[in-house]
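Please have the sequence and the structure open side by side as you read.

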Amino acid sequence: AHLDRIEAVDATLNAFLHVDRDAALAAAAAADDEIAAGTVRGPLAGVPVAIKDNIATRDLPTSCASRILEGWRPPYDATVVRRLRDAGLVPLGKTNLDEFAMGGSNENSAFGPVRNPWDASRVPGGSSGGSAAATAAGEAPLALGSDTGGSIRQPGAFTGIVGVKPTYGTVSRYGLVAFSSSLDQIGSFGRSVLDAALLHEVIGGHDPNDQTSIDAPLPPVVEAAYAGARGDLAGVRVGVVRELSGEGNQPGVLAAFTDAVRVLTDLGADVVEVDCPSFTYAVPAYYLIAPSEASSNLARFDAMRYGLRVGDDGSHSTDEVMSLTREAGFGPEVKRRIMIGTHALSAGAYDALYGRAQKARTLIVRDFAAAFEQCDVLVSPTVPVTAFPIGERVDDPVAMYLADLCTVPTNLAGNAALSVPCGVSADDGLPVGLQIMAPALADDRAYRVAAAYE
Ligand code: GLN
C-alpha cells in the first residue's frame, strides 16, 4: 500500500531519492512469514520505514542529496539501520534532504526541492523534508531523520506530524554522514507520539561504534507515551520560555501555541514562565559552531575516497582534481558553510568567532540547567512561522537561519526535544508545532507531556 502511495504522489512531492521496491516487498514477505509462524521479532515487525539519505544503507545509494556522493553505495549499514532490520522493519527507500542536511526548507537538495503535502507550492521544512513529507503524505508510516539544529522538529511542525530529537548520545551516529558532530542526532518521525516512541525505542541505546554514545539505559519513551495518553498532567511543571514565545512569532503561530498552553493547564500541569536570556545568542553561536565542524567534516570529500571525481584525465595535478571536484560537487549553501567555518577556525578569527560561540554555548547550557531546576519540561512554538512558499527565502540565508531560533538551543545543550502538532495557524490554515524540551536523559518527560496533549 505504501509503495502504491509513493507511486501516486511522489512525482509531485519528490520526497524519495531512491525507492527499494523489490527489497521492500521481500522484507515485508519475510515479516509476514514470521508473523504467520508466531516468531514476531518486535512490535514494529513488518512495518515500513523511510530513511533520510544521509544515513548509510548497505548496497543502497546514500547521496546526502549532493552531486559529490551521487552513486555512492556504502559497504555497511548505520547502526540505526541495522537495528531496524534486526527488529523486522521494512526499509522503503531513501528520502530527500537539504544537501548534507544544511538547510531548513529542503530547497538545497541537488535533486530538486521537496513539496509540502498540505500545499505543494510550499516547502516541507528541512533538512529532513523528504522524511517529513513522506510520513505526512502516507508514503511511509514512520521515518528516520537527523537533527543538527532542528531538522527533525522543524519539518515535523511544517507538515503536521511528530518529530523527535533525542538526547545527544542516546541514538548512535555510526553511519550518519557527519555535518556537525557535536550537534548531530538521529531521531524518529511518526504521525502519533506513540509511533515516534516505538521507532525511537528500536533505534536507541548504547553503541560502542559511536565514541559519543552514552552507556546508559534508553529513557522509557514507549512507557511514557502510554502513560501520557491517560491525559493526566497533575503535578507536572511546564515552563514557557519567554524568549521563544513572544512577539517574534507569526500571530497565527502564537495563537495556536497559547491555546496549546491552555490545554496543558486544563490537563493539570502547573504552567509558569521562565527566562532563558542567553537563548538570544543561540542562532549566531550555532551558525559559527555548525559550519566550523562542517568545514572539517567535509574535508573528507576530496575526490579520492568516495563519489565524484572531476578532471582525472592525466592533465591535472592531485590538488587540481580535488578542487575541480569540490567546485562541481558541492552546492552553494555547502560552499558558503565551508567558507564561514574555515574562516571562524582560522588563526586570526578563532578567539573572536569560534571561541566566543563556544562561550555562548556554555551560557545556553546554564540557562537550561537553571530552567530545569524550576520545571520538568519547557515549551515554545517549534518554529516562529508556518511553511513558506518555495523560493521565498532562497536569496536571504540570514532570514532562513533566524527561523531556527527555537530549535537550536537544544542541539547546543544536547538535551531532548520533540515537536507535536498543535493545530493550524488562523493566518493560513497551515500546521503549527508545539515544541516540548526535556533535560538530557529525560526524553520520557517530553513524550509523556506530548502524548497527554495529543
Ligand atoms: N536549519 C539548520 C541548518 O541549516 C538545521 C539543519 C539541521 O538540523 N540539519 O543548519
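Predicted model: local features only at pLDDT ≥ 70, side-chain atom pairs only at ≥ 80, totals over all residues.

Let us begin with strand 6, which spans residues 186-190. Five of its five residues are buried, so this strand is mostly covered.

| Strand paired with strand 6 | Sense | Bridges | A residue pair |
|---|---|---|---|
| Strand 4 (residues 142-146) | antiparallel | five | Ser146 opposite Ile186 |
| Strand 5 (residues 162-165) | antiparallel | two | Gly163 with Phe189 |

**The ligand shell**

Which residues are closest to the ligand? They are Ala101, Gly104, Thr148, Gly149 and Ser151, out of 13 residues that surround the ligand. By class, the shell holds four nonpolar, seven polar and two charged residues.

**Helix 9 against helix 11**

Next, turn to helix 9 (residues 282-297) and helix 11 (residues 332-344), whose axes lie 7 Å apart. These helices pack at an angle of about 95°, and are therefore roughly perpendicular to each other. On the helix 9 side, the contact is made by Leu288, Pro291, Ser292, Ala294 and Ser295. Helix 11 contributes Arg337, Ile338, Ile340, Gly341, Thr342 and Ala344. Sorted by class, the contact has six nonpolar, four polar and one charged residues.

**Val114 and helix 4**

Now for a loop residue: Val114 lies between strand 3 (90-95) and helix 4 (129-136). Is Val114 buried or exposed? Val114 has 36 C-beta neighbours inside 10 Å, and because 20 or more make a residue buried, Val114 counts as buried.

Leaving aside neighbours within four places in sequence, Val114 is in contact with Leu13, Asn14, Ala15, Asn96, Asn106 and Pro124, and also with Gly129, Gly130 and Ala133. Helix 4 is itself mostly covered, with eight of its eight residues buried. Just after helix 4 comes Gly138, with a positive phi of about 80°.

Thr342, part of the contact between helix 9 and helix 11, is 228 residues from Val114 along the chain, and their C-alpha atoms are separated by 30 Å.

Technical notes: Residues numbered from 1 in each chain as written. Buried ≥ 20, exposed ≤ 12 C-beta atoms within 10 Å, placed from the backbone. Helix = DSSP H or I, 4+ residues; strand = E, 2+ residues; numbered from the N terminus. Pairing = 2+ DSSP bridges. Near = placed C-beta within 6 Å. Nonpolar A, V, L, I, M, F, W, Y, C, P; charged D, E, K, R; others polar. Axes fitted to C-alpha atoms, helices over the stretch in contact; angles between N-to-C directions. Parallel < 35°, antiparallel > 145°, perpendicular 65-115°, else oblique. Contact = placed C-beta atoms within 7 Å.
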